[in-house]
Amino acid sequence: MQFHDSMIELVGNTPLVKLNHVTEGLSATVLAKVEYFNPGGSVKDRIALRMIEAAEESGELRPGGTIVEPTSGNTGVGLAIVAQQKGYKCVFVCPDKVSTDKINVLRAYGAEVVVCPTAVDPSHPDSYYNVSDRLVRETPNAWKPDQYSNPHNPLSHYHSTGPEIWEQTEGRITHFVTGVGTGGTISGTGRYLKEVSGGKVAVIGADPEGSVYSGGSGRPYLVEGVGEDFWPDAYDREVADEIVPVSDRDSFRMTRRLAREEGLLVGGSCGMAVVGALEVAGRLGPDDVVVVLLPDSGRGYLSKIFNDEWMADYGFLEEGGPAARVGEVL
Ligand code: PMP
């Protein structure tokens with residue numbers, strides 16, 4: 001019989017798929033590492049699994065323990081799946097601006113979600129930060145993974161994402177492009193690829209315009225899951241050779257093209273990363289192999305990026321680029 005012992009065994013080993021249409025006119029090969037094939041639908045399953053297993057080994061997470069993390073998105077889903085399979089409870093703390101769909105996904109996996117008001121000062125006892133700290137202090141046997149400072153976030157990529165890409169490309173990858181959020185993906189995967197190639201693989205980060213990684217001050221942008229207004233410990237400043245800033249408009253238009261031209265219904269940070277990858281590929285030749293990591297699925301963004309009214313409200317549908325309306329014939 002062919003089966004897996006649990007969903008946990010399906011974390012990682014995601015496929016590489018060649019981009020054939022958005023790459024028109026380019027001579028380099030561009031391959032997408034499609035992370036929505038993970039059981040929780042995103043790259044964050046990798047860090048959830050490694051952070052939990054490392055905490056079990058160190059004794060920080062004990063049988064029957066409770067995982068407390070301020071997260072509303074992909075990391076929460078990964079933690080919820082691994083936690084339920086291993087018998088831990090999860091409590092996630094979210095600001096009230098998070099959509100009910102996202103909260104319902106976490107609850108569907110059995111997690112408890114505490115919603116905090118956004119409109120209070122960070123020092124207020126009900127603020128997002130204070131509530132999660134208080135829950136860690138007051139819950140018996142609680143453990144907070146803290147993806148922003150946990151070394152097992154980048155290490156999960158050093159031990160899984162990096163080696164997978166090297167083996168899948170048979171060592172022919174020349175450039176690795178990924179979005180930067182906590183910095184775990186670029187730091188761990190990038191460090192592995194540099195080490196194994198003797199420094200030959202170039203590592204490029206894609207970042208929302210306005211975020212600190214591309215020299216901004218933390219100015220607001222709409223792409224979710226990437227960019228920061230501070231420098232997390234999980235980000236290794238030595239790894240990236242270059243950071244490419246990408247606008248919301250270009251990110252979302254490319255996200256829509258990936259769905260209609262490549263059959264890839266992915267999230268906005270994926271469109272952003274592909275814009276960065278194509279910019280890099282434009283300078284390269286036929287022997288170059290660019291791998292771009294696509295963190296999650298587009299299902300969580302149907303009412304935003306894939307909704308014409310939402311796009312039009314921000315002026316993202318106006319002429320001046322290659323993407324069209326959802327219903328428009330190309
Ligand atoms: N895209 C999405 C949708 C994400 O959730 C994340 C994780 N915050 C990233 C990209 C960036 O990954 P990392 O945190 O490893 O830098």
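Q: At what angle do helix α1 and helix α2 pack, and how far apart are their axes?
A: This is a predicted model, in which local features need pLDDT of at least 70 and side-chain atom pairs count only at pLDDT 80 or more, while totals for chains, interfaces and linings use all residues. Residues are numbered from 1 along each chain as its sequence is written. Helix α1 (residues 44-58) and helix α2 (residues 74-86) pack at about 45°, with axes 8 Å apart. Helices here are DSSP runs of H or I with at least four residues, strands are runs of E with at least two, and both are numbered from the N terminus. Axes are lines fitted to C-alpha atoms, for helices over the stretch in contact, and angles run from 0 to 180 degrees between N-to-C directions.

Q: Why is α1 called oblique to α2?
A: Angles under 35 degrees count as roughly parallel, over 145 as roughly antiparallel, 65 to 115 as roughly perpendicular and the rest as oblique. The angle of about 45° therefore makes α1 oblique to α2.

Q: Which residues make the contact between α1 and α2?
A: On α1 they are K44, D45, I47, A48, L49 and I52, and on α2 they are N74, T75, G78, L79, I81, V82, A83 and K86. To be in contact, two residues need C-beta atoms, placed from the backbone, within 7 Å. By class, that gives eight nonpolar, three polar and three charged residues (Ala, Val, Leu, Ile, Met, Phe, Trp, Tyr, Cys and Pro are nonpolar, Asp, Glu, Lys and Arg charged, and the others, Gly among them, polar).

Q: What makes α1 roughly perpendicular to α5?
A: The axes of α1 and helix α5 (residues 152-168) come within 8 Å and cross at roughly 115°, so α1 gets the label roughly perpendicular to α5. R46, I47, R50, M51 and A54 in α1 meet H152, N153, L155, S156, H157, S160 and T161 in α5. That contact divides into four nonpolar, six polar and two charged residues.

Q: Why is α7 also called roughly perpendicular to α8?
A: Helix α7 (residues 248-262) and helix α8 (residues 268-281) pack at about 100°, with axes 7 Å apart, so roughly perpendicular is the label for α7 and α8. Their contact has seven nonpolar, four polar and one charged residue.

Q: What makes β5 and β6 edge strands?
A: Four strands form an open sheet in the order β5-β4-β3-β6, with parallel pairing. Strands pair if DSSP finds at least two bridges between them. β5 (112-116) and β6 (142-143) each have a single partner strand, so one side of each is left without a neighbour in the sheet.

Q: How many bridges join β4 to β5?
A: Five bridges join β4 (residues 89-95) to β5. P95 stands opposite C116 in β5.

Q: Which helices lie on these strands?
A: α2 lies across β3 (66-69) and β4, at about 180° to β3. Helix α4 (residues 128-138) packs on the sheet too, touching β3, β4, β5 and β6, and its direction makes about 165° with that of β4.

Q: Where does pLDDT stay under 50?
A: pLDDT is the predictor's confidence in each residue, from 0 to 100. It stays under 50 over residues 322-330, while the protein averages 94. Among the elements, α4 has the lowest mean pLDDT (90) and strand β2 (residues 29-34) the highest (99).
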